[in-house]
Amino acid sequence: MVDLAKITQPLSLDRFGPRRDGPLVLELDLTEGVADEAPGDPIGQLVNRRRQQYLDVVEGIRRGARDPGVAALLVRVDTRSLGFAKVQELRACVADFRAAGKPAVAWADSFGEAGDGNLPYYLACAFSEIAMAPTGVLGLTGLQLRSTFVKGALDKLGLGYEVGRRHEYKNALNGMTETGFTDAHREAVGRIAASLGDQLAEGVARARSLTVDAVRALVSRGPFVGAEAVDEGLVDRLAYRDEIYAGLLSRVAGEDGPEPRLSFVTRYHRRHTPAPRPRVAGGADHIALITATGTISLGRTRRSPLGGGTVMGSDTVAAAFRAARRDPHVKAVVFRVDSRGGSPTASDAIRRESQLTREAGIPVVATMGDVAGSGGYYVTLGADAIVAQPGTLTGSIGVIVGKPVLGPLLERYGITSDAVAVGDHAGMFDTDRPFSESEWERVNALLDQVYEDFTGKVATARGMTRDEVHEVARGRVWTGRDAHERGLVDALGGLETAVRRARELAGGRALPLRPFPHRHPLDRLRPHESSEDPAAAQPQSALDAWGSLRGVAAALGLPEAGALTMPDLGRLR
């Protein structure tokens with residue numbers, strides 16, 4: 001039996017002498033959360049230095065699969081910071097690791113004691129062994145998408161809401177205007193739940209050597225206590241943490257060889273990743289990874305240094321594409337998008353720069369994360385190819401605008417206002433009154449124009465007719481699997497799939513993938529030479545990325561950054 005205490009004991013000076021390195025066991029604790037990407041500013045990096053970065057996790061597992069010194073993978077499963085698509089990408093990484101003939105063990109104290117265990121168990125099913133604590137519960141109970149409607153409460157407060165949309169499936173503000181699902185809303189959400197439910201059942205069935213029907217029957221009977229989970233073939237064994245670790249380490253240890261070593265996946269990956277080189281002539285050719293997450297807005301990307309939300313600024317992302325075009329060593333671009341959308345103008349600016357990069361002879365492949373809908377779909381239209389996971393939420397090709405009408409509520413509490421205006425429509429977006437008839441004419445004209453422009457660009461990019469686009473548009477959200485069947489994406493997969501496609505388009509060379517632009521700490525301090533300067537692609541830091549009205553906007557259900565915003569379907573349970 002391996003002595004676990006020796007492996008985890010503090011490092012002492014006498015251990016720096018000659019020794020044989022034992023096999024390495026990669027360790028990952030997903031209960032600590034996973035961040036989409038590292039903050040670009042020094043303060044943010046300091047505050048978030050312990051947070052695991054998602055791409056480091058993905059690339060670390062893939063690196064470990066190829067490394068003969070890595071013997072096994074041990075993961076404490078949790079998915080609170082992951083959506084369906086990221087879970088699927090991790091599942092693919094684990095499959096690569098297992099394909100190298102190495103054991104991969106998933107464990108958890110409990111898979112959702114309150115019935116929230118579907119997604120973590122779906123992830124665990126990618127591993128060669130699943131272990132759970134003896135007192136744990138397997139919350140395999142099926143998926144649910146719940147929406148909250150506050151119109152009744154707003155009516156009691158005397159607070160109205162005006163919404164214009166194109167078209168019936170664009171339901172981002174239905175919570176303010178309805179007391180329950182409309183027919184279109186229920187149809188769209190029902191299809192998403194069915195598609196994700198099918199993917200869950202199919203994944204579990206393949207992993208546990210069951211039929212899909214058998215899995216669906218088990219889901220209808222869940223949750224399961226530990227002994228039941230083992231009896232039904234859903235969990236391999238019940239064990240405590242010390243037993244799980246000791247068992248795996250003993251398995252990979254040689255009879256007379258050195259003891260195995262533990263290393264977190266992200267630490268292992270960073271130790272083996274060369275530091276970014278300064279921007280100098282003579283660098284190696286590579287594929288540039290440009291990431292874009294959060295609400296889409298005009299201006300610079302803004303991130304909270306304390307690890308809060310992100311606003312995807314069109315100026316920052318556009319500057320990254322321009323810098324890629326000017327860098328002779330960038331042979332292709334992988335554009336990673338995770339966004340619910342936002343400003344139509346900002347979305348189009350990003351799409352344009354992506355298109356110009358492709359037209360300049362540098363292939364661009366867009367890859368979607370958990371969500372890439374509405375404006376998040378729009379920005380991918382300049383790419384040569386679009387890749388999405390089967391569980392990505394995408395589409396939402398439509399437009400919506402709305403404003404609360406606070407006048408009656410304010411009057412009830414004696415709050416009044418007055419204004420002097422020049423022009424009939426000067427105060428049309430004021431929240432103290434509804435739109436007038438002529439103002440609604442302008443709102444509808446704007447909605448029609450944005451929708452026609454959006455669907456026209458989709459038709460051009462995807463080789464579809466306007467009627468074909470309209471049939472799958474109208475504001476409807478699709479899973480990646482359904483979007484692929486309808487011609488909205490080119491391939492199903494994750495970052496590895498996108499990189500493979502980019503290499504093919506770049507001539508088949510085995511080019512490395514590198515985050516782009518290569519950031520230097522002084523970039524934030526020195527003045528930029530011009531808008532073409534790669535340093536202009538640096539994000540800003542902000543204590544609150546949404547500004548002082550963030551809380552008010554969220555409470556009112558306002559789209560965070562514009563008319564191309566897809567609905568938040570809530571936490572998948």
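The legends below walk through several close-up views of this predicted model.

Residues are numbered from 1 along each chain as its sequence is written, and side-chain values use heavy atoms, with hydrogens and water left out. Because the model is predicted, local features need pLDDT of at least 70 and side-chain atom pairs count only at pLDDT 80 or more, while totals for chains, interfaces and linings use all residues.

**View 1. Confidence along the chain.** Let's start with pLDDT, the predictor's confidence in each residue, from 0 to 100. The chain averages 86, and 82% of the residues score at least 70. Two stretches deserve a careful eye. Over residues 7-19 the pLDDT stays under 50, and the model has 12 contacts there beyond four places in sequence; a contact means heavy atoms within 4.5 Å. Residues 542-560 also stay under 50, with 31 contacts beyond four places in sequence.

**View 2. Strand E18 and its parallel partners.** Helices (H or I, at least four residues) and strands (E, at least two) are DSSP runs, numbered from the N terminus. Two strands pair if DSSP finds at least two bridges between them. Strand E16 (residues 330-339) runs parallel to E18, and six bridges join them; here Ser339 has Ala372 of E18 as its bridge partner. Three bridges join E18 to strand E19 (residues 385-388), again in parallel, and Thr367 stands opposite Val387 in E19. E18 also pairs with E20 in the parallel sense over three bridges, where Gly373 and Gly395 are bridge partners. Buried means under 20% relative accessible area, exposed over 50% and partly exposed in between (1.4 Å probe, protein chains only).

**View 3. Two serines with positive phi.** Ser374 has a positive phi of about 55° although it is not a glycine. Ser374 sits in the loop between strand E18 (364-373) and helix H15 (375-378), and counts as buried at 0% relative accessibility. Ser396 likewise shows a positive phi of about 55° without being a glycine. The loop that holds Ser396 lies between strand E20 (393-395) and strand E21 (399-405), and the relative accessible area of Ser396 is 0%, so this residue is buried.

**View 4. Two cis peptide bonds.** The bond from Arg166 to His167 is cis, with omega near 10°. His167 belongs to the loop between strand E8 (160-166) and helix H7 (174-177). The peptide bond from Gly222 to Pro223 is cis too, with omega near 5°. Pro223 is located in the loop between helix H9 (212-221) and strand E9 (224-225).

**View 5. Glu439 and its surroundings.** Glu439 is part of helix H17 (residues 437-462). With a relative accessibility of 1%, Glu439 counts as buried. Its side chain makes a polar contact with the side chain of Arg433 at 2.7 Å. For a polar contact, a pair of N or O atoms must lie within 3.5 Å; within protein, one must be able to donate a hydrogen and the other to accept it, and residues adjacent in sequence count only if both atoms are side-chain atoms. Leaving aside residues up to four places away in sequence, Glu439 touches Asp424, His425, Gly427, Met428, Arg433 and Pro434.

View 6. A salt bridge is a side-chain nitrogen of Lys or Arg within 4 Å of a carboxyl oxygen of Asp or Glu, and the structure holds 33 of them. One of these joins the side chains of Asp96 and Arg62 (2.1 Å, N to O). This pair links distant parts of the chain, with Asp96 in helix H4 (residues 84-99) and Arg62 in helix H3 (residues 54-66), 34 residues apart. Asp96 is partly exposed at 35%, whereas Arg62 is buried at 7%. Another salt bridge brings together the side chains of Glu202 and Arg481 (2.8 Å, N to O). Glu202 lies in helix H8 and Arg481 in helix H19 (residues 480-485), so the pair ties together parts that are 279 residues apart in sequence. Glu202 has a relative accessible area of 23% and is partly exposed, and Arg481 is partly exposed with 23%. Finally, look for the network of salt bridges that links Arg191, Asp482, Glu485 and Arg486.
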